[in-house]
Amino acid sequence: MMFQPNMFDSHHSLLDMSHKSPENEMDLIRDDEFESKSVTDIMEAPSGDDGDPNQRPKKKRYHRHTQHQITEMEAFFKECPHPDDKQRKELGRQLGLEPLQVKFWFQNKRTQMKSQHERHENTQLRNENEKLRAENIRYKEALSNAACPNCGGPAAIGEMSFDEQHLRIENARLREEIDRISGIAAKYVGKPMLSYAHISPGSSRSLDLGSGNFGPQTGMPGEIYGASDLLRSVSGPTDANKPMIIELAVAAMEELIRMAQSGEPLWIPSTDNSAETLSEEEYIRTFPRGIGPKPLGLKSEASRESAVVIMNHISLVEILMDANQWTSVFSSIVSRAMTVEVLSTGVAGNYNGALQVMTAEFQVPSPLVPTRENYFARYCKQNGDGTWAVVDVSLDNLRATSISRCRRRPSGCLIQELPNGYSKVIWVEHVEVDDRSVHSIYKPLVNSGLAFGARRWVATLDRQCERLASVMANNISAGDVGVISSPEGRKSMLKLAERMVMSFCTGVGASTAHTWTTMSGSGADDVRVMTRKSVDDPGRPPGIVLSAATSFWLPVPPKRVFDFLRDENSRNEWDILSNGGLVQEMAHIANGRDPGNSVSLLRVNSANSSQSNMLILQESCTDSTGSYVIYAPVDIVAMNVVLSGGDPDYVALLPSGFAILPDGPTNLAGGINAEVGSGGSLLTVAFQILVDSVPTAKLSLGSVATVNSLIKCTVERIKGSVLCDCA
């Protein structure tokens with residue numbers, strides 16, 4: 001196999017040449033001269049007798065930059081280390097420099113940073129080698145002297161815990177595997193591989209999985225290359241990867257526990273103690289290795305949140321370790337998830353020690369916010385104090401496909417058992433992401449951490465625990481009213497509503513599973529449309545389904561928008577399909593503490609005989625990070641089967657509805673003249689309509705135009721009603 005040289009090998013040669021001869025000073029200036037000098041690109045032209053072949057050529061002229069020029073280029077470098085021609089020309093014009101002078105300055109700056117990074121890595125390697133020698137001696141002694149605590153004889157492997165087995169008995173093999181790969185990498189790249197740190201039990205350091213190749217070809221700036229790039233040809237966890245994944249998972253678990261339990265100076269509380277911020281400087285000092293330095297072009301998001309939820313700790317662990325249950329419970333956040341491989345199922349009949357490799361896609365309910373994809377290991381462990389912990393950590397360096405634009409540093413939760421079936425959960429979210437594609441109206445929400453942070457995970461978990469408790473109830477609550485006459489009918493209706501909500505959430509975001517087409521509108525009200533063909537799907541009507549979604553901002557608090565949209569009495573103000581008919585609630589199931597959390601069965605008594613007695617299943621749900629109103633027309637005959645306790649899986653649904661999110665972290669009440677981030681709402685409206693019952697039919701432009709008009713008219717009606725109410 002031919003090895004493709006690193007694109008920055010030329011920089012290595014330049015660094016070597018810079019100390020050989022004066023003639024080579026034109027290739028690269030010394031590091032200590034970098035801040036004040038930059039070489040010009042134009043040689044002084046020979047004149048007169050300069051054509052004499054015996055005369056030595058003149059050296060390249062140096063140009064000493066001013067402090068102002070250096071400061072400005074340093075600031076620009078932090079934002080964009082790879083300026084294009086247009087940017088270099090503009091920067092040169094502002095600073096009085098030629099574009100090529102700007103180009104060479106940026107080239108030298110990048111080379112200098114890479115050189116410093118390599119020197120730092122080499123120092124770490126020397127220190128690590130010394131520790132490794134001492135550590136191997138300790139392990140050999142420990143293994144030779146291992147004894148059973150009961151009989152005093154030699155300890156058997158079966159008597160050791162999962163962690164002891166992997167961190168003691170397999171430790172020597174792990175070291176050999178790492179050293180072997182490091183030797184291969186050093187042979188090709190020309191320097192030692194520092195991608196994997198050597199972790200000992202009780203060590204306070206995390207694991208370094210490599211710095212990642214975030215090259216320009218992926219649209220992500222960066223020049224951090226390492227020997228771990230050789231592993232990118234591996235499409236999944238091979239036998240060679242598995243020992244590294246085990247060691248990485250153990251280190252990530254230790255980091256998560258410390259992140260969850262530490263206070264200042266790692267976590268800095270706000271002045272009113274309403275939030276806390278991770279100190280990146282303290283994090284780097286506490287966990288110097290991690291999964292490598294943050295790649296250029298990515299920004300850090302870190303948050304922590306805790307809550308007491310109405311679910312026992314064992315059930316919570318089972319949900320988190322089962323990809324299908326996890327996706328179902330967090331359907332508003334997880335658009336897709338899959339377990340790639342299970343490396344360990346745990347011990348003693350539970351998930352203690354379970355380790356699996358997964359892929360997942362995380363979303364915000366709007367086509368204007370790109371999803372975040374991750375390839376990661378998930379590890380579950382029961383700690384000595386009885387608490388459970390589940391941690392995720394990215395494995396991007398073990399995958400050969402293109403680099404994710406989101407890296408998941410150790411993230412997850414600690415779960416503590418409480419009396420009466422409750423659990424205390426401490427959640428930590430720590431990612432590095434490129435969020436430059438987020439639409440401007442969603443940037444305050446994303447930047448605040450409410451979109452993907454720990455608070456949203458905990459709020460969603462708390463809400464879903466309430467909902468699951470309601471589903472499992474064996475009696476009819478006093479808050480339930482209407483035509484529901486049995487606990488079986490109640491459970492069937494809740495199960496049908498759950499499927500409706502999941503279907504809505506997976507179809508409203510910017511998931512890579514489908515492609516939206518933009519239909520130009522006005523401002524941020526652009527409508528995104530897509531089509532789906534439904535064939536042999538018992539949960540959907542057969543034919544061509546047209547989905548349309550749009551997101552826009554309203555200067556109205558989210559609660560006011562939520563209460564308006566979920567109220568059946570105000571439905572005829574925005575629901576065009578009801579044709580102004582009277583909407584009556586036939587059944588109501590309360591499934592949460594907040595009165596807005598409920599499932600309803602509505603009947604529309606329309607003046608139009610063809611739509612008379614139409615039934616609508618609706619679920620409204622809300623928490624501190626967002627609210628939803630989701631509904632779907634249902635067949636009367638099928639709904640009667642559900643109400644009598646029949647199987648709801650064969651009821652065809654095409655859910656439509658609304659996702660209402662805050663426009664930022666503030667709790668201020670927005671007004672008519674407010675701006676994004678001042679307490680208003682981000683409203684996503686999504687429709688699914690069956691435009692043809694024949695799956696093989698072609699979609700007509702008339703159908704697209706009709707749906708486009710429908711969604712825009714609905715948006716205008718909502719704006720007119722809620723803005724009129726708050727005027």
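Reply: Happy to! Contact here means heavy atoms within 4.5 Å. Please keep in mind that this is a predicted model.

With that cut-off, Arg-467, Ser-470, Val-471 and Met-472 in helix α12 meet Arg-490, Lys-491, Leu-494, Ala-497 and Glu-498 in helix α13. The residues of this contact divide into four nonpolar, one polar and four charged. As for the geometry, α12 covers residues 454-472 and α13 covers residues 487-508, and the two pack at an angle of about 145 degrees. Their axes lie 9 Å apart.

Now to the strands. Strand β22 (residues 681-692) runs antiparallel to strand β16 (residues 543-554), and 11 bridges join the two. In this pairing, Ile-544 stands opposite Asp-692 of β22. Strand β22 is also joined to strand β21 (residues 656-662), again antiparallel, by six bridges. There, Pro-662 faces Ser-681 of β22 as its opposite residue.

In the loop between α7 (242-261) and β3 (267-269) sits Pro-265. A cis peptide bond joins this proline to Glu-264, with omega about 5 degrees. The other loop, between β11 (411-417) and β12 (423-433), contains Asn-420. Asn-420 is not a glycine, yet its phi is positive, at about 65 degrees. Is Asn-420 buried or exposed? With a relative accessible area of 74%, Asn-420 is exposed, as the cut-off for that word is over 50%.

Methods. Residues are numbered from 1 along each chain as its sequence is written. This is a predicted model: local features need pLDDT of at least 70, side-chain atom pairs count only at pLDDT 80 or more; totals for chains, interfaces and linings use all residues. Side-chain values use heavy atoms; hydrogens and water are left out. Two strands pair if DSSP finds at least two bridges between them. Helices (H or I, at least four residues) and strands (E, at least two) are DSSP runs, numbered from the N terminus. Axes are lines fitted to C-alpha atoms, for helices over the stretch in contact, and angles run from 0 to 180 degrees between N-to-C directions. Ala, Val, Leu, Ile, Met, Phe, Trp, Tyr, Cys and Pro count as nonpolar, Asp, Glu, Lys and Arg as charged, and the others, Gly among them, as polar. Buried means under 20% relative accessible area, exposed over 50%, partly exposed in between (1.4 Å probe, protein chains only).
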